[in-house]
Amino acid sequence: MVGWEGTIALEKAANVGLEDALERSARGDQLAFAEIVSRHQAMVFSLACHFLRDRSLAEELAQEVFLNLHQNLSAIKSPAHLTFWLRKVTAHRCIDQTRRLKARPQVSLEDVAEPVSAPDEEDMLMSEMLRRVVETLPEKARMVVIMRYQEDLDPSEIARVLDMPVNTVKSHLRRSLALLREKLSRKLGEAIV
Amino acid sequence: MSRIDEELKLAFRREPAPSGFSDRLMARINQQPDPAAHRAERRFWSALVNLFRGSSSRLIAVAATALILLLAGFAGYRVLRQSAEKRSTIAINEIDVNTPPRPADPKTGTNQNEPNRPGEQINTSKFPPLKVAAKPSSGASSKGRRSAAPDTAQRERIGANQAEAQAAKERVLLALHIATSTLVEAQRMVQGDERPSK
Amino acid sequence: MSSLHKNLIRAIWVCLVASFLAVVTAHAQEPRIQISHLEKFADKADKVIDVTVDENIIKLALSAFSDHRSPDEKKIKELLSTLKGIYVKRYEFETEGEYTKDDAEMIRSQLNGPGWQHVANVRSKRQGSFEVVIMSEGSVIKGLAVLAAEPKALTVVNVVGPIDLAKLRDLEGKFGIPHLGLEAATGESKDQEKSESKKPPQ
């Protein structure tokens, strides 16, 4: 809105609304729970979708996460705790799911189609290339990268969510990025910074 | 931010959930019976039915117990009513809830000074009516109206009341601020006083 | 069936229909507008502000204000004591076109209903449309609503009164209330405003 004031006050208002919804849903208010779902479904679904690279599996997993939430609403203390809980449960379920499925074959970058001249398509292929390379990373490293770039979490927050040491998170990030740069540079024939 | 960071952010930006996601989820939730509650309910009803099976002496004993419990409950209710009436005439000190809240913690977004459940739907009827009297002046002697020291339970109740009232106050002021700010912006648009957007 | 019986049944039907119409008309004159249908945008929107303050919350909040602490606090308590609710819904989207004209029309049609008067209405291709409406009964403002339909945001504010605009103006800059310019809404001339401001503070 033009000249909108009090952004912090408005975010506080949103938080107050969510706290209220949490309170009501813990008492059995289905509408309040639906509100919570609608506010967080994009986050949960995207985490699963980017990790599993399968929309129907991702939807199924996301639904299970929210079903689990529905049974554990009384344990959620605040909106921040809710976000943390959703990220944690989604991440762990994704990793468990992958371990149950057959290992995905390593994707060679040579299989990816050549980028075409139109810049939008080039960007799309770059994104797709990155996603495919990330898909080949080990589960924990993959989740670290997704948490970092989808949720914009810093290493200490990722460490809390994934329950691993901060240095391990940093190491995963460093190695994954190095691998990505190397693979993409070889493919595109230019240095990727 | 490096190029690869930007590309990764673009590649892993959040996507909306498939349409109908929440509808399907709520349908699943509604279909699910609550197994724990269902088991507990069955146990409860079968125990209740068993109470009335058996000999007449057992039935008499059950009836007598029920009657005693009923009378005890009624007597207890009378005692509570009387003490509530007494409490309602006790003058208490003015509630001081005007402490400005500390700014929100930027990490969690929560206000450090907020009571535990600030957004709670409050049922005001559960609290006994309290009469608020003016603070006695500093030179008040024993002659003036003395506030009776509330007991611990009443103090806790007053504390809970204050916290809920403070939370409601903050919420109302926030709503008023948002509503009036919107009005000001609309007015500025009407007057052609455009401010640069954020 | 005798004619008396028929007339009786007819009379009952007329009474029923008349009371139904009376109820509908009375309801239509309520300053509360229905905005719950906008909740479908909650999952699409990038940012959601949803504030609902009803009469119960206002009543509870009033106990946290004191008549004795300051005259301003007494004024805001008086202002709030007549309000029945404050409802705000704001949805901000990443791209344009996330809501349709029909969505805004569902609100607008309520604001064009009986009892509502447009105080301000501006439309701009770039900024969208802004409408401020009030429902008044004589000199009393029973309700106020703002609809802001911008390219990337939809905002609805509904304050259910009665609203004492004079008290609201007196509280400018306090309790988070910004400086207002509501001469058009109250219909007071600038001369009246100036004479008001010259009065000693209460």
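## Strand 2 of chain C

Strand 2 of chain C is largely enclosed by the rest of the structure, because six of its eight residues are buried. A residue is buried if 20 or more other C-beta atoms lie within 10 Å of its own, exposed if 12 or fewer, and partly exposed in between; these C-beta atoms are placed from the backbone. Helices (H or I, at least four residues) and strands (E, at least two) are DSSP runs, numbered from the N terminus.

This is a predicted model, where local features need pLDDT of at least 70, side-chain atom pairs count only at pLDDT 80 or more, and totals for chains, interfaces and linings use all residues. Residues are numbered from 1 along each chain as its sequence is written, while chains are lettered from A and ligands numbered from 1 in the order in which they are written.

## Its neighbours in the sheet

Two strands pair if DSSP finds at least two bridges between them. Strand 2 of chain C pairs with strand 1 of chain C in the antiparallel sense, over seven bridges. Two of the facing pairs can be named. C:Val88 in strand 2 stands opposite C:Val51. C:Lys89 in strand 2 is the bridge partner of C:Asp50. Strand 1 of chain C is also largely enclosed by the rest of the structure, since five of its seven residues are buried.

Strand 2 of chain C has another partner, strand 6 of chain C. This pairing is antiparallel too, over eight bridges. Here C:Tyr91 stands opposite C:Leu154 in strand 6.

## Where chain C meets chain B

Two residues are in contact if their C-beta atoms, placed from the backbone, lie within 7 Å. The contact takes 36 residues from chain C and 32 residues from chain B. Several elements of chain C each supply at least two residues of the side that touches chain B, including strand 1 (47–53), helix 2 (55–62) and strand 2 (85–92). Helix 2 of chain C gives the largest share of that side, six residues.

What kinds of residue make up the side of chain C that touches chain B? They divide into 24 nonpolar, eight polar and four charged. Ala, Val, Leu, Ile, Met, Phe, Trp, Tyr, Cys and Pro count as nonpolar, Asp, Glu, Lys and Arg as charged, and the others, Gly among them, as polar.

## The nonpolar cores

A nonpolar core is a set of buried Ala, Val, Leu, Ile, Met, Phe, Trp, Tyr and Cys residues joined through C-beta atoms within 7 Å. The largest has 63 residues. Those with the most contacts inside it are B:Val172, B:Ala175, B:Ala179, C:Ala61, C:Ile86 and C:Val88. Helix 5 (residues 152–191) of chain B gives the most to this core, with 13 residues.

Take C:Ile86. Not counting residues up to four places away in sequence, C:Ile86 touches B:Ala175, B:Leu176, B:Ala179, C:Val53 and C:Val159. Another core, of 49 residues, lies apart from the largest one. Among its residues are A:Leu69, A:Leu82, A:Leu180 and B:Leu8.

## Chain A: helices throughout

Chain A has eight helices and zero strands. Buried residues make up 38% of its 193 residues. Among its contacts with a separation of 6 or more, 56% join residues 24 or more positions apart.

A:Ala21 sits in helix 1 (residues 7–26) of chain A. With 24 other C-beta atoms within 10 Å, A:Ala21 is buried. A:Ala21 and A:Pro79 are 58 residues apart in sequence, yet 9.6 Å apart in space, C-alpha to C-alpha. A:Pro79 is one of the buried residues of helix 4 of chain A.

The expected span of a helix is 1.5 Å times one less than its number of residues. Helix 4 (residues 79–100) of chain A has 22 residues and reaches 31 Å from its first C-alpha to its last, close to the 32 Å expected. Helix 6 (residues 139–150) of chain A has 12 residues and should span 16 Å; its end C-alpha atoms are 16 Å apart, which agrees.

Helix 6 of chain A is mostly covered, with nine of its 12 residues buried. Among them are A:Met143, A:Val144, A:Ile146 and A:Tyr149. Just after this helix, A:Asp152 takes a positive phi of about 60 degrees.

## A partly exposed residue in chain C

C:Met106 lies in helix 4 (residues 101–111) of chain C. Is C:Met106 buried or partly exposed? C:Met106 is partly exposed, because 15 other C-beta atoms lie within 10 Å. Its C-alpha atom is separated by 8.9 Å from that of C:His37, 69 residues apart along the chain.
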